[in-house]
Amino acid sequence: MSRYTGPTTRINRRFGMPIFAETKAMQKKPYIPGQHGPRLRRRVTDYSMGLNEKQKLRFMFGLSEKQFRLTFERAKRQRGVTGEIFMRLLELRLDNVIYQLGFARSRAAARQFVTHGHVQVNGKKVDIPSFTCQPGDVVEVRDRTSSRQLAQRAIDESQLRATPAWLECQADAFKGTVSRLPIREEMDQSINDQLIVEFYSR
């Protein structure tokens, strides 16, 4: 399955939360999409719960099924709690770090920002959104007028969004540092990573 590029409001309504940006349509129709949405009672099984949780997280980070599964397999090979390691690998993706620092309005915008060559890590240009940042890495917007104008616009629009504790942001210098690895309590609490681990362990 490729990366999702369809209607975002439909996905927000499907999961009952703003996976993508909040829309007025979701407020007017706070039920699942489809002709029978207001009345439909879906059968809830262990499989459907795991699938929904997996899809929710995959849509959040904007990954294809293949990218998502490969990241999970990578997490499974490491020692420790698989679910937490998996979530950490997603959080440490360069596009997510750019988003969390406020240099892009959304993860999709952050992915495009990285792909277009606006970012450098430790002084070197990196245009791979899936690049995994490590503690001590310095992530900054390249010193180009076009790059910094885009970043400034995003900073102005995301001032209400708090920067996670595992990142140090110097917005005025268009720079941020990964100070340490994120812990599970600092990641999205609406995701049940254990259900995803069980889903892929079938």
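Colleague: Which residue's side chain meets that of Arg58 in a salt bridge?

Modeller: Glu65 does, at 3.6 Å from N to O. By salt bridge I mean a side-chain nitrogen of Lys or Arg within 4 Å of a carboxyl oxygen of Asp or Glu. A word on the source: this is a predicted model, where local features need pLDDT of at least 70 and side-chain atom pairs count only at pLDDT 80 or more, while totals for chains, interfaces and linings use all residues. Residues are numbered from 1 along each chain as its sequence is written, and side-chain values use heavy atoms, with hydrogens and water left out.

Colleague: Thanks! Is Arg58 buried or exposed?

Modeller: Arg58 is buried, at 1% relative accessibility. The scale runs like this: buried is under 20% relative accessible area, exposed is over 50%, and partly exposed lies in between, with a 1.4 Å probe and protein chains only. Arg58 also belongs to a network of salt bridges that links Lys54, Arg58 and Glu65.

Colleague: How many salt bridges does the structure hold?

Modeller: There are 11. One of them joins the side chains of Arg69 and Glu73, at 3.0 Å from N to O. For the general idea, an α-helix has 3.6 residues a turn, so residues three or four places apart point the same way. In this case, Arg69 and Glu73 are about one helical turn apart because they sit four residues apart in helix H4 (residues 65-76). Helices here are DSSP runs of H or I with at least four residues, strands are runs of E with at least two, and both are numbered from the N terminus. Arg69 is partly exposed at 34%, and Glu73 is partly exposed at 22%. Another salt bridge pairs Arg180 with Glu186, whose closest N and O atoms are 2.5 Å apart.

Colleague: How many helices and strands does the chain have?

Modeller: The chain has nine helices and five strands. Along the sequence they follow the pattern α-α-α-α-α-α-α-β-β-β-α-β-β-α.

Colleague: How many residues of helix H5 are buried?

Modeller: In helix H5 (residues 82-91), nine of the 10 residues are buried, including Phe86, Met87 and Arg88. The buried residues of H5 pack against helix H3 (46-61), H4, helix H6 (94-100) and helix H9 (193-200). Contact here means heavy atoms within 4.5 Å.

Colleague: Which residues does Leu195 contact, leaving aside its neighbours within four places in sequence?

Modeller: Those contacts are Met49, Gly50 and Glu53. Leu195 lies in helix H9 and is buried, with a relative accessible area of 17%. For the whole chain, residues 24 or more positions apart account for 56% of the contacts with a separation of 6 or more.

Colleague: How many aromatic pairs does the structure hold?

Modeller: Six. Rings of Phe, Tyr and Trp (its six-membered ring) pair if their centres lie within 6.5 Å; planes under 30 degrees apart are stacked, over 60 edge-to-face, and the rest tilted. Tyr47 and Phe199 make a tilted pair, 5.3 Å centre to centre with 45° between the planes. This pair links distant parts of the chain, with Tyr47 in helix H3 and Phe199 in helix H9, 152 residues apart. Tyr47 is partly exposed at 44%, whereas Phe199 is buried at 13%. Phe199 and Tyr200 form an edge-to-face pair because their planes stand at 70°, with ring centres 5.5 Å apart.

Colleague: Which residues do the ring pairs link into a cluster?

Modeller: The cluster contains Tyr47, Phe68, Phe72, Phe86, Phe199 and Tyr200.
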